[in-house]
Amino acid sequence: PCITAKNVDLAQGFELCSIAEEGNKWLDIMDASEMERLWPTQLVIEKIKKLKCHVVAVGGPDRCSPDSSLNMRVSYSLWEKELVSSFHDVQFFCFLYLKMLNRKKLNKISHDVSSFHIKNLVFWESMECSQNLFLFKNLRILIIQCLMRLQKAVKEKRLSHFIDRDR
């Protein structure tokens with residue numbers, strides 16, 4: 001189960017002996033698109049290939065399912081941590097701004113958007129943007145594009161996980 005402390009989620013998990021199928025699919029996509037993307041770099045992908053994945057409980061109790069505490073998922077938290085640590089300054093400031101915006105404004109409207117969603121917005125936008133967007137003068141543009149992606153995800157009721165795209 002996940003224990004939430006102030007700004008920190010801790011989850012007990014079991015280390016996987018090998019990378020899950022979804023993780024391998026993502027690594028294949030990253031290897032195949034190496035020449036087409038600026039972020040994440042191939043060096044970061046190589047670091048991620050050496051990191052472990054874990055199996056963790058899905059989350060809180062589901063009243064509709066008596067066995068909800070037995071539901072498990074693959075966690076790529078170490079991979080995500082490596083991705084965040086590889087952010088350019090502009091990406092990182094965008095991430096921080098969106099987290100603050102979520103905490104101060106969006107959460108007053110709905111508690112459905114979490115740091116997890118914000119992180120995935122920045123991941124997706126970063127992978128699909130041009131090199132010019134990583135310039136500090138374009139921080140506002142990156143933020144707006146992430147907010148537009150969030151708006152689209154809310155309308156479609158779907159924001160794909162950056163690594164496990166079927167989740």
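This is a predicted model: local features need pLDDT of at least 70, side-chain atom pairs count only at pLDDT 80 or more; totals for chains, interfaces and linings use all residues.

Biologist: What is the overall make-up of the protein, by way of orientation?

Modeller: The protein contains six helices and five strands. Along the sequence, these elements follow the order β-β-β-α-α-β-β-α-α-α-α. Of its 167 residues, 37% are buried. The protein exposes about 11000 Å², of which carbon and sulfur atoms supply 56%.

Biologist: What share of the contacts between residues at least 6 apart in sequence joins residues at least 24 apart?

Modeller: The share is 65%.

Biologist: Why is Glu 80 called buried?

Modeller: Its relative accessible area is 7%, and the term buried applies under 20%. Glu 80 therefore counts as buried. This residue belongs to helix H3, where Trp 79, Glu 82, Leu 83 and Val 84 are buried as well. The buried residues of H3 pack against helices H1, H2, H4 and H5.

Biologist: What does Glu 80 touch, leaving aside residues up to four places away in sequence?

Modeller: Glu 80 touches Phe 116, Lys 119, Phe 123, His 161 and Ile 163. Ile 163 is 83 residues from Glu 80 in sequence, yet the two C-alpha atoms are 8.6 Å apart.

Biologist: How do you know that Lys 119 and Glu 80 form a salt bridge?

Modeller: The closest N and O atoms of the pair are 2.7 Å apart, and the cut-off for a salt bridge is 4 Å. The distance falls within that limit, so the pair qualifies. The bridge links distant parts of the chain, with Lys 119 in helix H5 and Glu 80 in helix H3, 39 residues apart. Side chains of opposite charge can pair when their charged atoms come close.

Biologist: Is Lys 119 buried or exposed?

Modeller: Lys 119 has a relative accessible area of 16%. Because the limit for buried is 20%, Lys 119 is classed as buried.

Biologist: How many salt bridges does the structure hold, and what makes Asp 31 and Lys 49 one of the pairs?

Modeller: The structure holds eight salt bridges. The side chains of Asp 31 and Lys 49 meet with an N to O distance of 3.0 Å, which is within the 4 Å required. Asp 31 lies in helix H1 and Lys 49 in helix H2, 18 residues apart, and the pair links distant parts of the chain. The relative accessibility of Asp 31 is 29% and that of Lys 49 is 30%. Both values lie between 20% and 50%, so each residue is called partly exposed.

Biologist: Why is the pair Arg 149 and Glu 125 said to tie parts of the chain together?

Modeller: The side chains of Arg 149 and Glu 125 form a salt bridge at 2.8 Å, N to O. Arg 149 lies in helix H6 and Glu 125 in helix H5, so the bridge ties together parts 24 residues apart in sequence. Glu 125, at 8% relative accessible area, is buried. Elsewhere, Glu 21, Lys 25 and Asp 166 are linked in a network of salt bridges.

Biologist: What makes the patch containing Lys 104 positive?

Modeller: The patch is formed by Arg 103, Lys 104, Lys 105 and Lys 108, and Lys and Arg count as positive. Lys 104 is in helix H4. At 53% relative accessibility, against a threshold of 50%, Lys 104 counts as exposed.

Biologist: Which residues form the nonpolar patch on the surface?

Modeller: Phe 92, Phe 93, Leu 96 and Phe 136 form the nonpolar patch, with about 360 Å² of accessible area together. Phe 92 lies in helix H4 and is partly exposed at 35%.

Biologist: What makes the backbone at Lys 157 and at Pro 40 worth a remark?

Modeller: Most residues other than glycine have a negative phi, and most peptide bonds are trans. Lys 157 has a positive phi, near 55°. Lys 157 is in the segment after H6 and, at 77% relative accessible area, is exposed. A cis peptide bond joins Trp 39 and Pro 40, with omega about -10°. Pro 40 is in the loop between H1 and H2.

Key
Residues are numbered from 1 along each chain as its sequence is written. Side-chain values use heavy atoms; hydrogens and water are left out. Buried means under 20% relative accessible area, exposed over 50%, partly exposed in between (1.4 Å probe, protein chains only). Helices (H or I, at least four residues) and strands (E, at least two) are DSSP runs, numbered from the N terminus. Contact means heavy atoms within 4.5 Å. Patches are made of residues with over 30% relative accessible area and no salt bridge: like charges are joined within 9 Å, nonpolar side chains (Val, Leu, Ile, Met, Phe, Trp, Tyr) within 5 Å. Accessible areas come from the Shrake-Rupley method with a 1.4 Å probe; for residues, only the protein chains shown count as cover. The place of a charge is taken as NZ of Lys, CZ of Arg, CG of Asp or CD of Glu.
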